[in-house]
Amino acid sequence: MPGTVIPRVRASAATTPGRLTLIMAGLSLLAVLTGVVGLTTLQGKASTLDDLVNQREPVNAAAQQIYRALSDADATAASAFLSGAIEPAALRDRYSTDVQQAGIALAVAATDISSGNSEAGLPIAQLSADLPAYTGLIERATANNEQGYPVGSAYLREADNLMRTVLLPAAQKLYDIDTARMSGEQDDAAAFPWVLTVLVVALIAGLVLAQRYLSGRTNRTFNLGLVVASGAALIAVLWTAVGLTMSTIYVNKGEDTGSGVVTVLTNVRSAALQARTDEMLTLVDRGGVDYSTQFDGLANRIGGKDGSGGLLQIAELASDSSTVQPIHTAMTSAQQWFALHDRMTKADNDGDYAAAVQIALGTDPQYKESNAFYQLDDAVAKAVLQGRTNFLDQTATASNWLTILPIGVLVLGLLAAAGCVLGIWQRLREYR
Amino acid sequence: MKTARRPAALVAGLVALALAVTGCSASRTPADLTHVISLSPVVPAGMVSGAAAVPSSPGGANNCGDPTASLAPNAPLPTPGQMPANSTMQTIYKRGYLVAGVDQSTYLWGYLNPMTKQLEGFDIDVVHAIAKAIFGDPNRVQFRAITSGQRVGALTGDQTDPQVDVVVRTFTVSCQRVQQGVLFSSVYYNAQERLLVTKDSNVASIDDLGGKRVCAAVGSDSLPRIAAVPSHPIPVAVGDWSDCLVMLQQGQVDAIATDDAILAGMAAQDPNTKVVGPSLAAEPYGIGMRRASPDFVRFVNSVLESFRANGWQQSYQTWLAGRLGPAGPPQATYSD
């Protein structure tokens with residue numbers, strides 16, 4: 001068949017009506033194609049943006065929450081243990097809340113497996129399987145501690161070992177997977193629509209050439225159908241350009257003021273919680289593992305030498321007016337915490353273990369800033385929440401700019417096709 | 001084996017689950033939800049088992065004569081606060097506190113009491129007696145909790161371990177340790193190495209433990225001894241003795257091999273365990289000090305002389321008599 005099509009097209013291209021027919025068919029097909037590609041491309045972008053708001057962000061936040069809740073549970077369990085045979089109710093509550101939050105966030109994260117995120121299945125299964133083992137060890141540690149048996153501290157250390165070697169790495173893996181997915185979709189949403197651009201440029205160029213050809217062949221300067229088609233194509237181009245530009249601006253804004261700063265703050269938070277656990281375990285497990293060197297390394301990562309460098313400085317640079325305030329609070333709290341930690345270490349090294357425990361637990365009335373760690377954690381939580389809000393606001397706005405655009409472009413494409421057909425049909429009739 | 005199978009089993013389970021959930025399973029096999037992860041057991045940090053748990057012992061460790069013969073006191077105890085000039089005791093006195101390497105997790109010997117948040121136990125009493133002899137105040141002590149494996153290093157200037165004046169931590173006097181640079185006091189307690197098993201266990205001696213896992217703290221004498229038993233038990237090394245009890249309670253080891261004194265503390269924490277078997281070895285406990293300070297060893301031996309007469313029995317009654325029966329302090333032997 002194709003063998004006969006090409007000579008036939010060649011033959012009809014030799015005559016003016018034949019050429020006109022070809023132009024009509026080509027332009028109207030191109031217009032329909034542009035409309036359809038515009039519809040799918042823009043619809044794709046719009047649904048990517050909706051997915052970012054409705055699925056990626058909640059899942060990513062859940063992954064963050066799992067990591068945060070687990071490491072906070074570990075730090076809190078150690079603090080409660082350090083507090084003596086009778087656990088303070090506040091710490092017990094905090095631990096229980098953490099475990100519940102981790103479980104709930106795990107359920108949220110698991111919904112993503114059926115939404116096509118099969119990669120997340122392995123870490124989620126690991127977390128689901130080992131979280132009960134962890135809480136079991138903590139309960140056993142508590143039960144022994146309540147009876148004054150030192151084997152309790154061995155259970156606590158075993159639980160911490162499970163947390164550090166299995167649970168937290170799995171939570172980190174899950175967070176990395178979800179973050180990569182989220183930023184991948186952000187890139188997709190902000191990507192330049194090359195195919196659509198090429199089609200639109202070709203359509204407009206074709207329309208211009210067709211009109212020049214027609215005005216050369218006939219004595220009419222304008223062909224109404226082609227003018228309408230050109231108008232429709234131009235409106236589509238302008239609308240798409242404005243819509244996509246604005247949408248991309250807001251997507252990027254959501255990344256800059258939202259997800260970007262949240263990522264840095266999440267790192268601050270996990271490092272802070274790890275350091276807090278190290279601080280507690282230095283006192284629980286005196287002399288065994290060197291938790292104090294680990295603390296120093298993490299402290300340096302969080303705040304550099306003086307509490308205002310390191311990750312906090314990166315977060316400050318990434319922040320905007322809505323998040324900078326809590327980040328500054330976090331810096332002040334980090335400085336206070338590290339100073340307090342130095343006093344704790346000094347007390348411990350001087351043999352005043354009881355004083356070291358009091359400073360670490362924040363129960364020493366001498367130090368007003370004894371809650372510095374919790375203030376740091378609260379400030380970072382506040383900044384994270386603000387960052388998430390920014391992300392959702394900006395991304396939702398980005399999505400709004402694309403609301404009726406896909407359908408609009410399809411309609412304009414069909415209109416352009418109709419214009420081409422009617423306009424050229426009119427000329428063709430003159431040859432009969 | 002278990003760990004190797006784990007990812008495959010996991011993926012299979014997940015795929016089955018995902019297919020079941022999304023309902024796009026091509027065949028009509030129901031998803032196997034019993035096919036879950038075979039968990040590798042949770043273990044204490046730093047657990048090592050098999051040959052890797054046994055340190056390669058330096059040769060010629062057994063020809064140091066009688067390691068329990070210590071340096072004899074050569075003077076009566078000085079009045080607290082008036083230490084001889086240029087003595088090790090004076091250096092400690094000027095510092096203001098004695099630095100003692102102790103255990104914080106061995107019940108009845110050296111452990112952190114969660115009720116009082118203080119270190120307590122028989123060894124801790126000995127430390128207080130030394131502090132009292134130097135300062136007149138038994139509480140002028142900075143306790144450093146150290147692991148079994150850190151005991152020698154804490155006295156021989158290894159900078160990776162905390163440095164201390166004395167190690168009072170169920171520290172068995174041995175030729176090997178003497179050759180590594182530890183100077184021991186006279187023996188203040190004679191322990192016997194035995195086994196702790198669960199009450200339902202049929203194990204009566206170490207010979208019944210062929211191919212079974214036996215736990216001991218890293219750096220302890222028990223590990224090479226377990227490895228040398230003809231029936232070949234599998235030695236398992238952990239950081240602290242309390243980690244051994246955790247593993248026994250979790251069914252990850254079949255027995256713990258160590259001194260009856262330590263085992264008594266474990267049995268007190270878990271009524272479902274029992275101490276079994278004949279003595280595998282005598283474990284004479286001494287206070288470890290630096291080779292460079294023989295004057296301090298003589299001083300501490302003098303403190304022990306008075307502790308044996310006044311204090312030893314009281315501490316023994318408080319901590320051990322209830323579990324180990326009546327006993328008296330061992331006689332000191334001296335090399336000069």
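This is a predicted model: local features need pLDDT of at least 70, side-chain atom pairs count only at pLDDT 80 or more; totals for chains, interfaces and linings use all residues.
**Entry 1**

Is B:V197 buried or exposed? I counted 24 other C-beta atoms within 10 Å of B:V197; the cut-off for buried is 20 or more, so this residue is buried.

**Entry 2**

B:V197 belongs to strand β9 of chain B. I checked how covered this strand, residues 189–198, is, and seven of its 10 residues turned out to be buried. Next I asked myself which strands are joined to β9(B) by bridges. One is β13 of chain B (residues 273–285), antiparallel to β9(B) and joined to it by nine bridges. Within that pairing, I noted B:A282 as the bridge partner of B:Q192. Another is β12 of chain B (residues 255–259), also antiparallel, with four bridges to β9(B). There I found B:D259 of β12(B) standing opposite B:E193. As a reminder to myself, strands of a sheet pair through backbone hydrogen bonds.

**Entry 2: a three-stranded sheet in chain B**

I then turned to an open sheet of chain B, where three strands follow the order β3-β4-β5 with antiparallel pairing. Why is one side of β3 and of β5 left without a neighbour in the sheet? Both β3 (105–106) and β5 (118–120) stand at the edges with a single partner strand each, so one side of each has no neighbour there. Looking at the β3(B) pairing, I saw two bridges to β4 of chain B, residues 110–113. I wrote down one bridge by name: B:S105 pairs with B:Y111 in β4(B).

**Entry 3: chain A as a whole**

Over to chain A, where I counted 13 helices and zero strands. Is it a compact globule or more spread out? Its radius of gyration is 32 Å, well over the 22 Å that the globule rule gives for 432 residues, so chain A is more spread out than a compact globule. The C-alpha trace of chain A spans about 110 × 45 × 30 Å along its principal axes. I also noted that buried residues make up 51% of the 432 residues in chain A. For contacts in chain A between residues at least 6 apart in sequence, 80% join residues at least 24 apart.

**Entry 4: where the chains meet**

**Entry 5: nonpolar cores**

Last, I looked up the largest nonpolar core, which has 179 residues. The members that touch the most others are A:I66, A:L167, B:I130, B:C244 and B:I256.

Notes
Residues are numbered from 1 along each chain as its sequence is written. Chains are lettered from A and ligands numbered from 1 in the order in which they are written. Two strands pair if DSSP finds at least two bridges between them. A nonpolar core is a set of buried Ala, Val, Leu, Ile, Met, Phe, Trp, Tyr and Cys residues joined through C-beta atoms within 7 Å. A residue is buried if 20 or more other C-beta atoms lie within 10 Å of its own, exposed if 12 or fewer, and partly exposed in between; C-beta atoms are placed from the backbone. The radius of gyration is taken over C-alpha atoms; the globule rule is 2.2 Å times the number of residues to the power 0.38. Two residues are in contact if their C-beta atoms, placed from the backbone, lie within 7 Å.
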